Amino acid sequence: MERVALVTGASSGIGAATALALARNGYRTFAGIRGSDSGNKVPAALRAESENGNEEEELPITIIPDMDVDSEKAVVSAVSEAASYNQRLDVLVNNAGYGQFGCTEDVPLPEFRRQFETNFFSIVRIIQEAAPIMRRQGSGDIINISSVVGRMGLPGSPAYISSKFALEGLTECLRYELGQFGIRTTLIEPGVVKTGFFDSMRIPESCSDPKYRVLTDHMLAGIKMMVEMGTPPSQVADAVIGAINDEEMLPRYVVGADAEMFMKAKREKSDIEFERYMSEELFPK
Ligand SMILES: NC(=O)c1ccc[n+]([C@@H]2O[C@H](COP(=O)([O-])OP(=O)(O)OC[C@H]3O[C@@H](n4cnc5c(N)ncnc54)[C@H](OP(=O)(O)O)[C@@H]3O)[C@@H](O)[C@H]2O)c1
């Protein structure tokens, strides 16, 4: 029976690459996009390869337009549409997200909350919809796209980073809760990936202290440099497929040479040593 996958935020970057990879691996893939299906860049990203003749046959991708993960109605309807196809849902990839930049004092609380709404609570919402279906079928894979910063605090984007920390905690809990029903859950932790993510980052207009400005400008400049050499989104998509194909799905998969380097340092150092190491990496004298 054709297996069914649902990917959120599939209009671009990692989501589009993952939807393509799942379809190429034989999944009927429902690609949730926030925009409408007509004249949108999304189908273009997803269909580019089939249109330029690289694909022999049409990929099994169904676009779900208007899937804003902040909308309960949209999420309920998207899960139901995907699950109706074959009366099952085998893979759920929680990818939709954005980055709120700015130091803690400079991000208004509603913006901080908004960041959690999209990057964290939307995932709780979709899992609450998808898990009953997976429990009934006694199987299912839930892949949460986190980040290497889901495991390390850095200055300049605490709203984004803490939303990924929350996702890490949730996923560790789910592995116990859902594991008993045959549902596997994992985290994908990329370093810097070459996508439009940093262009659509939300940046506060002002800083409450010039020192915050210096800090955020420094971090933004560093990110800009790293994006150019960033991991391609297809590599993250490959990690998702690798996780699904693993006989024993691991709690987390680190993706990219930068992420692996930081994780190695984190494993080998005490917390205070790691903080000093990161300070030297970020602010070399
Ligand atoms: N790029 C990196 O360096 C990096 C590193 C680690 C982790 N990540 C994570 O990877 C995921 C994908 O990011 P990306 O790098 O592929 O960036 P991207 O190209 O900007 O993709 C983000 C996707 O999320 C969608 N999205 C944002 N808010 C949404 C909402 N409320 N409802 C539905 N869709 C929404 C965007 O849709 P629209 O097109 O409508 O805006 C877009 O499809 C994010 O969770 C991000 O935190 C990225």
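Ala, Val, Leu, Ile, Met, Phe, Trp, Tyr, Cys and Pro count here as nonpolar, Asp, Glu, Lys and Arg as charged, and the others, Gly among them, as polar. The model on display is predicted, so local features need pLDDT of at least 70 and side-chain atom pairs count only at pLDDT 80 or more, while totals for chains, interfaces and linings use all residues. Residues are numbered from 1 along each chain as its sequence is written, and side-chain values use heavy atoms, with hydrogens and water left out.

**The second largest pocket**

Please select T195, F198, D199, M201, I203, L220, A221, I223, K224, V227 and E228, which line the second largest pocket. On a 1 Å grid over the protein atoms alone, a pocket is an open set of points with protein on both sides within 12 Å along at least five of seven lines, whereas a cavity is a set where a 1.4 Å probe fits but cannot get out; lining residues have an atom within 4 Å of a point. The space in this pocket is about 220 Å³, a volume being the space filled by probe spheres set on points that are joined across faces, edges and corners. Its lining comprises seven nonpolar, one polar and three charged residues.

**The ligand**

Next, select the ligand together with S11, R34, Y160, V193 and T195, the closest of the 29 residues that surround it. A residue is counted as near if one of its heavy atoms lies within 4 Å. By class, this shell holds eleven nonpolar, 13 polar and five charged residues.

Which residue places an N or O atom of its side chain 2.7 Å from an oxygen atom of the ligand? That residue is R34. A polar backbone atom of N95 also lies 2.7 Å from a ligand oxygen, and a polar backbone atom of V193 lies 2.7 Å from an oxygen of the ligand. Taken alone, the ligand exposes 890 Å², of which the protein buries 92%; such areas come from the Shrake-Rupley method with a 1.4 Å probe. The elements giving two or more residues to the shell are α1 (13–24) and α5 (158–179). Helices (H or I, at least four residues) and strands (E, at least two) are DSSP runs, numbered from the N terminus.

**The largest cavity**

Now select T8, V69, N94, N95, A96, T118, S122, I123 and I126, the lining of the largest cavity. About 40 Å³ of space lies inside this cavity. Helix α4 (residues 109–137) gives the most to the lining, with four residues. The lining divides into four nonpolar, five polar and no charged residues.

**An aromatic pair**

The whole structure contains six aromatic pairs. Rings of Phe, Tyr and Trp (its six-membered ring) pair if their centres lie within 6.5 Å; planes under 30 degrees apart count as stacked, over 60 as edge-to-face and the rest as tilted. Select F30 and Y85, an edge-to-face pair with 5.9 Å centre to centre and 65 degrees between the planes. F30 belongs to strand β2 (residues 28–32) and Y85 to helix α3 (residues 72–86), 55 residues apart.

**Two backbone stops**

Finally, select D66, in the loop between β3 (61–64) and α3. D66 has a positive phi of about 60 degrees although it is not a glycine.

Note on methods
Polar contact = N/O pair within 3.5 Å; in protein donor to acceptor, adjacent residues only side chain to side chain.
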